[in-house]
Amino acid sequence: PLDDDETPDDDETGDDDADDDSSTGGDEDGDGWTVAEGDCDDEDASIHPGVEEVSCDSVDNDCDGYGALSGAVLNGVEYATVPMALNDAEDGETVYVCPGIHTDQLYLNDERSLTITSYSGNRDETILDGEGLQTVIFLGEDNALPLSPLTVRTGLAQPWVGGACAGGGLMASSLSVRVIDCVFVDNVMSGAGGYGAAIAVVQQILSEHDLTMEVWIEGCVFERNRATPSDSNGGAVYI
């Protein structure tokens, strides 16, 4: 039974203790919500159903089951990972990457044009990391992608181009690639005859269709990106 007169320090239940029995089901933090009513943290008055969700803070502020893991934001909704947000994004929408280190590969190979950008606008705290295992971002021929400002690091080029490795940080066969104010660091292309340790843009059907490529790279920093062996092309960028 609960204390029914809303006084905090009495006990009306007739048991032998002097505590307030409302603690078993009451509103511990005084925010107007009990656990039974959906308060997912009854020790923090700023967290309860109906409160405005705070993006990219790794807290489920409104107790809707989302936001405890902050990967990205799409249309005001937090997603646990960046690929989950990319999967739900529709043509023309923007995915905002939360601060932190994100190790999932970003793979787009359809007909959407999306923008991927940092939620905070700080490229140094928003990091896409290939962990030395994979290309960090892959962009298919029918996609268009503005990318800004992010850090793309420790990617490993994969055999995207006729079996040749290409694009440790970013591999794109798209006709439109815009990379603005990004940092590419410690990306590697280690296959014989490969292309682009940090960025490779290779349109494999260009001659057949007489298409025009647009590649725009502005305000970016390239550090310690490596293409080996000697017959490889583009330690930083290959287009």
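This is a predicted model: local features need pLDDT of at least 70, side-chain atom pairs count only at pLDDT 80 or more; totals for chains, interfaces and linings use all residues.

Biologist: Which residue of S3 does Val73 stand opposite?

Modeller: Val73 is across from Tyr96.

Biologist: And what does S3 do with S6, parallel or antiparallel?

Modeller: Those two run parallel, joined by 4 bridges, with S6 covering residues 115-118. Tyr96 turns up again here, as its bridge partner in S6 is Thr117.

Biologist: Which residues of S3 are on the covered face, and which on the uncovered one?

Modeller: In S3, residues 94-97, Val95 and Val97 make up the covered face, while Thr94 and Tyr96 are on the uncovered one. In a regular strand, side chains alternate between the two faces of the sheet.

Biologist: OK, switching to aromatics. How many aromatic pairs are there?

Modeller: The count is 6. One of them is Phe184 with Phe222, a stacked pair with 5.4 Å centre to centre and 10° between the planes.

Biologist: Where do Phe184 and Phe222 lie?

Modeller: Phe184 is in strand S15 (residues 183-185) and Phe222 in strand S19 (residues 221-223), so the pair links parts 38 residues apart in sequence.

Biologist: Buried or exposed, that Phe184?

Modeller: Phe184 is buried, at 0% relative accessible area. Phe222 is partly exposed, at 29%.

Biologist: What about Trp216, what sits over its ring?

Modeller: The charged end of Arg178, 4.6 Å from the ring centre.

Biologist: Now salt bridges. How many?

Modeller: There are 4. Among them is Asp129 with Arg153, at 2.7 Å from N to O. Asp129 belongs to strand S7 (residues 126-129) and Arg153 to strand S10 (residues 151-153), so this contact ties together parts 24 residues apart in sequence.

Biologist: How accessible is Asp129?

Modeller: Asp129 is buried, with a relative accessible area of 9%, whereas Arg153 is partly exposed at 25%.

Biologist: And which residue does Arg224 bridge to?

Modeller: Asp186, with the closest N and O atoms 2.9 Å apart. Arg224 counts as exposed at 53% relative accessibility, and Asp186 is partly exposed at 24%.

Biologist: Last one: which residues make the nonpolar surface patch?

Modeller: Ile217, Val237 and Ile239, giving about 230 Å². Val237 lies in strand S21, residues 237-238.

Note on methods
Residues are numbered from 1 along each chain as its sequence is written. Side-chain values use heavy atoms; hydrogens and water are left out. Buried means under 20% relative accessible area, exposed over 50%, partly exposed in between (1.4 Å probe, protein chains only). Two strands pair if DSSP finds at least two bridges between them. Patches are made of residues with over 30% relative accessible area and no salt bridge: like charges are joined within 9 Å, nonpolar side chains (Val, Leu, Ile, Met, Phe, Trp, Tyr) within 5 Å. Accessible areas come from the Shrake-Rupley method with a 1.4 Å probe; for residues, only the protein chains shown count as cover. A salt bridge is a side-chain nitrogen of Lys or Arg within 4 Å of a carboxyl oxygen of Asp or Glu. Rings of Phe, Tyr and Trp (its six-membered ring) pair if their centres lie within 6.5 Å; planes under 30 degrees apart count as stacked, over 60 as edge-to-face and the rest as tilted. A charge sits over a ring if NZ of Lys or CZ of Arg is within 6 Å of the ring centre and within 35 degrees of the ring normal.
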